[in-house]
Amino acid sequence: MPRKSKNRNLHRAKKEQNDEHYTRLTDIERELHHYRDHFRDQVVFLNCDDPETSHFWLYFKLKFEFLGLKKLIATHYDRERPTYKLELFGYGEEPVRTSLTQNGDFRSPECVEILKEADVVVTNPPFSLAREYVAQLVEHDKKFVIVGGFNWITYKEIFKLIKDNRLWLGVSPRNMSFMQPDGTEKQVNACWFTNLEHKRRKEELLLWREYAGNEEMYPRYDNYDAIEVSKVRDIPKDYAGVMGVPITFLEKYNPRQFSVEGNIGSYAPDGYSLANAVYLKKRKVFKRIVIRRIP
Ligand SMILES: C[S@@+](CC[C@H](N)C(=O)[O-])C[C@H]1O[C@@H](n2cnc3c(N)ncnc32)[C@H](O)[C@@H]1O
């Protein structure tokens with residue numbers, strides 16, 4: 001095999017290996033109980049889940065009645081072979097297994113047909129296909145609660161959805177522990193992404209610091225007309241202009257309290273980047289989200 005394609009195969013295998021980490025029931029329960037009302041009479045689709053081992057399947061199977069689900073569907077993925085889907089129609093019932101002619105890839109026409117039938121998609125998808133995965137949910141106008149890497153925020157396609165209030169962070173804190181195929185646990189800087197309303201998103205961030213012209217604490221960027229707020233807890237209560245804040249701000253973001261104006265720093269230019277990089281006394285500041293407080 002030529003060296004280049006061998007390298008490519010190795011790279012792909014490594015990426016796919018990184019995709020193999022499984023969500024724990026405790027984390028699923030901790031997040032999903034915030035969405036109880038969103039699941040009533042809904043068809044829930046787990047499109048990156050092996051129902052024989054997935055704790056997502058287990059969760060919805062056990063909670064079928066409590067949540068008032070209409071139907072639960074999961075498709076199994078195999079890189080090479082045709083697989084199957086499993087459907088559950090009621091609590092305590094036997095699931096119905098149907099063979100697929102394709103391999104359960106979420107992009108396969110067969111899975112897209114199932115997606116069309118679904119109301120809410122819930123899963124932890126392969127991180128290496130994040131952009132494609134999220135784009136498909138948006139294209140089909142689906143409700144979703146999914147696990148993803150915290151750094152997805154910095155992908156321009158995903159940031160655009162955040163800015164437009166079409167996707168936001170879930171409730172549970174980031175940094176999650178996942179099971180690996182060898183039975184060990186792995187810590188990943190992961191979080192939940194959703195477009196379902198939840199209570200945390202309605203909570204106001206308590207603001208107590210005062211700007212009061214304090215340019216030492218809140219310096220102005222050399223090349224962009226905004227102040228730097230280096231810690232989310234220091235967002236001033238009395239500043240009406242635009243502020244650059246760390247991306248962890250999104251964990252506290254309430255769209256009734258703040259508007260997201262764009263981003264600055266190391267993002268690709270995309271119409272949402274307000275500046276490619278900002279500087280404070282000639283020192284580069286990385287990854288900032290530009291926000292404004294809604295009076
Ligand atoms: C991060 S793991 C999570 C598995 C499961 N959702 C969970 O949380 O326990 C992502 C899974 O997606 C599957 N997968 C990879 N590529 C896929 C694709 N193109 N379509 C559907 N599933 C895929 C892999 O088999 C892998 O197990």
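**View 1. The buried residues of helix H7 pack against helix H6 (130-139), strand S14 (258-264) and strand S18 (288-293).** The model is predicted: local features need pLDDT of at least 70, side-chain atom pairs count only at pLDDT 80 or more, and totals for chains, interfaces and linings use all residues. Residues are numbered from 1 along each chain as its sequence is written, and side-chain values use heavy atoms, with hydrogens and water left out. Helices (H or I, at least four residues) and strands (E, at least two) are DSSP runs, numbered from the N terminus. Helix H7 spans residues 156-163, and its buried residues are Ile158, Phe159, Leu161 and Ile162. Seen down the axis of H7, these residues fall within an arc of 155°, so they line one face of the helix. The arc is that of the directions from the helix axis to the C-beta atoms. Buried means under 20% relative accessible area, exposed over 50%, and partly exposed in between (1.4 Å probe, protein chains only). After H7 comes Asn165, which has a positive phi, near 55°.

**View 2. In helix H2 (residues 25-32), Asp27, Ile28, Glu31 and Leu32 are buried.** Around the axis they cover an arc of only 115°, which puts them on the same side of H2.

**View 3. The largest nonpolar core has 76 residues.** A nonpolar core is a set of buried Ala, Val, Leu, Ile, Met, Phe, Trp, Tyr and Cys residues joined through side-chain atoms within 4.5 Å. The members that touch the most other members are Phe39, Phe60, Ile235 and Phe249. Helix H4 (residues 55-67) gives the most to this core, with 6 residues. Not counting residues up to four places away in sequence, Phe60 touches Leu32, Phe39, Val44, Leu46, Leu67, Leu69, Leu72 and Val122; contact means heavy atoms within 4.5 Å. A second, separate core of 8 residues includes Ala226, Leu280, Val285 and Val290.

**View 4. The ligand is surrounded by 19 residues.** The closest are Asp19, Glu20, Thr23, Cys48 and Phe106. A residue is near a molecule or strand if one of its heavy atoms lies within 4 Å of it. A side-chain N or O atom of Glu20 is 3.0 Å from an oxygen atom of the ligand. A nitrogen atom of the ligand lies 3.0 Å from a backbone N or O atom of Cys48. For Arg107, a polar side-chain atom lies 3.5 Å from a nitrogen atom of the ligand. Taken alone the ligand exposes 590 Å², and the protein buries 92% of that. Accessible areas come from the Shrake-Rupley method with a 1.4 Å probe; for residues, only the protein chains shown count as cover.

**View 5. Asp105 lies in the loop between strand S5 (96-99) and helix H5 (109-117).** Asp105 counts as buried, because its relative accessibility is 13%. Leaving aside neighbours within four places in sequence, Asp105 is in contact with Tyr77 and Cys111.

**View 6. Asp182 is in the loop between strand S9 (176-179) and strand S10 (185-188).** At 59% relative accessibility, Asp182 counts as exposed. The side chains of Asp182 and Thr184 are joined by a polar contact of 2.6 Å. A polar contact is a pair of N or O atoms within 3.5 Å; within protein, one must be able to donate a hydrogen and the other to accept it, and residues adjacent in sequence count only if both atoms are side-chain atoms.
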